[in-house]
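Colleague: Hi! Could you walk me through this one?

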Amino acid sequence: MNSQGDSGGETLEINEPRLIKCIEEGEPDIGALWEFCVHFEFERDLAVESIAKWIGPPEGKRVLDCACGSGFPGIELAQRGYDVTCSDGSAAMLRHFERNARLAGVELTPELLTWDGLVQRYEDSFDVVLCRGGGSYLYGGTWDDDASPDSEALVDSLRQFVGCVRPGGGRLYIDITRAEDLERTEPQVTRRPRMVVGGHVVELSETVTPHPETGMRVWNSELQVDGNVYEFERRSHYLPHEQLVAVLEKAGLSEVNREVIPGEHYDVFSGVRA
C-alpha cells in the first residue's frame with residue numbers, strides 16, 4: 001500500500017474565507033470534501049494563470065466550464081475578464097459555487113445541467129470548453145448517487161463536450177488521472193495535515209484503490225470536523241490515456257495532445273475541432 005502526504009504531526013492554520021464558510025454551513029457534503037481537496041491538490045493561483053495563458057487573451061472568446069464544481073477556475077477566469085459560462089450536474093457542488101462567487105464579488109450564476117443535455121443547450125457555441133478537476137467526467141452518474149460507472153455514459157459525455165466546441169478551431173481542455181497513478185496496483189493512501197479552520201479542527205484522509213480488471217477506481221475519503229467523522233465513497237472509470245485520446249478523436253477532435261499546465265494536479269489533454 002502506497003502512502004503519501006502524512007504530515008507527521010504538523011497542524012496548519014487556514015484562514016481562507018471559502019473554507020471557513022464551507023465548514024460553518026453545516027454537515028459537510030461532497031462539495032465540502034472537494035473544497036479541501038482543491039486546497040491541497042492544486043497550486044491555485046499558478047493553475048489559473050496557466051489556464052488563462054493557454055486560453056489566450058479574453059477578448060472575443062467564449063468559455064464553457066462544463067464541470068464547474070465549486071467554482072475553480074471559472075470564478076477566477078471571470079475575474080480576469082473572460083466571458084465564462086459555468087454548468088454542473090451536481091446541485092450540491094453548485095451551492096458551494098454560489099457561495100464562493102459571492103465571497104469573490106463575482107456575478108456569475110452557474111447552470112444546473114447534466115452532461116447529456118450539453119449539446120442540446122450549447123451546440124457549437126464555445127471557443128474553449130473546459131472539463132477539469134480530477135477527470136470529473138470519470139465520475140459520470142456516480143458523483144451524487146452511489147452508482148457504478150457507466151461506460152456508455154462516459155463516452156457520450158465526452159462527445160457532448162466536443163459538440164459544444166465551436167467548429168473551425170475551437171478547443172477542448174480536459175484533465176484525467178495522472179499516468180503514474182494509473183500504473184499503481186496497490187491502494188494509494190493520502191493523509192492531509194491536521195488543520196484548524198476558523199477555530200474548527202479538520203482532518204482529511206483519502207484512499208484510492210485501482211481495479212483495472214473491472215475498469216474502475218474507488219475513492220474513499222474520511223473528513224473529520226471537530227471529532228465528527230464523515231465518510232464518502234465515489235467510484236470512477238479506470239481510463240487509460242490512449243483510450244481518452246481515441247474517444248476524443250472519434251468524436252471529431254484533431255491535434256489531441258498532452259499539455260503541460262503548471263499548477264494543475266492531474267494530466268491535461270487538449271484537442272481542436274476542425
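Modeller: Happy to. A word on naming before anything else: helices (H or I, at least four residues) and strands (E, at least two) are DSSP runs, numbered from the N terminus. This is a predicted model, in which local features need pLDDT of at least 70 and side-chain atom pairs count only at pLDDT 80 or more, while totals for chains, interfaces and linings use all residues. Residues are numbered from 1 along each chain as its sequence is written, and side-chain values use heavy atoms, with hydrogens and water left out.

Colleague: Thanks! Which elements each supply at least two residues of the lining of the second largest pocket?

Modeller: Those are α4 (74-79) and α5. A pocket here is an open set of points on a 1 Å grid over the protein atoms alone, where a 1.4 Å probe fits, with protein on both sides within 12 Å along at least five of seven lines; lining residues have an atom within 4 Å of a point.

Colleague: And which residues line the second largest pocket?

Modeller: R18, R44, I75, E76, Q79, N100, L103 and A104. The space in this pocket is about 160 Å³, where a volume is the space filled by probe spheres set on the points, and grid points are joined across faces, edges and corners.

Colleague: What about the volume of the largest pocket?

Modeller: That one comes to about 980 Å³. It is lined by 49 residues, and G133, S136, L138, Y139 and W143 are the closest to its centre.

Colleague: How do the residues of that lining divide by class?

Modeller: Into 17 nonpolar, 19 polar and 13 charged. Ala, Val, Leu, Ile, Met, Phe, Trp, Tyr, Cys and Pro count as nonpolar, Asp, Glu, Lys and Arg as charged, and the others, Gly among them, as polar.

Colleague: Switching to helices: at what angle do the axes of α7 and α9 cross?

Modeller: Roughly 50°, and the axes come within 9 Å. Axes are lines fitted to C-alpha atoms, for helices over the stretch in contact, with angles from 0 to 180 degrees between N-to-C directions.

Colleague: Which residues make the contact?

Modeller: V155, L158 and V162 of α7 meet L244, V247 and L248 of α9, contact being heavy atoms within 4.5 Å. By class, there are six nonpolar residues, no polar and no charged.

Colleague: And α1 with α5, what's the angle there?

Modeller: Their axes cross at roughly 135° and come within 10 Å. On the α1 side the contact uses P17, R18, K21 and C22, and on the α5 side H96, R99, N100 and L103. These residues divide into three nonpolar, two polar and three charged.
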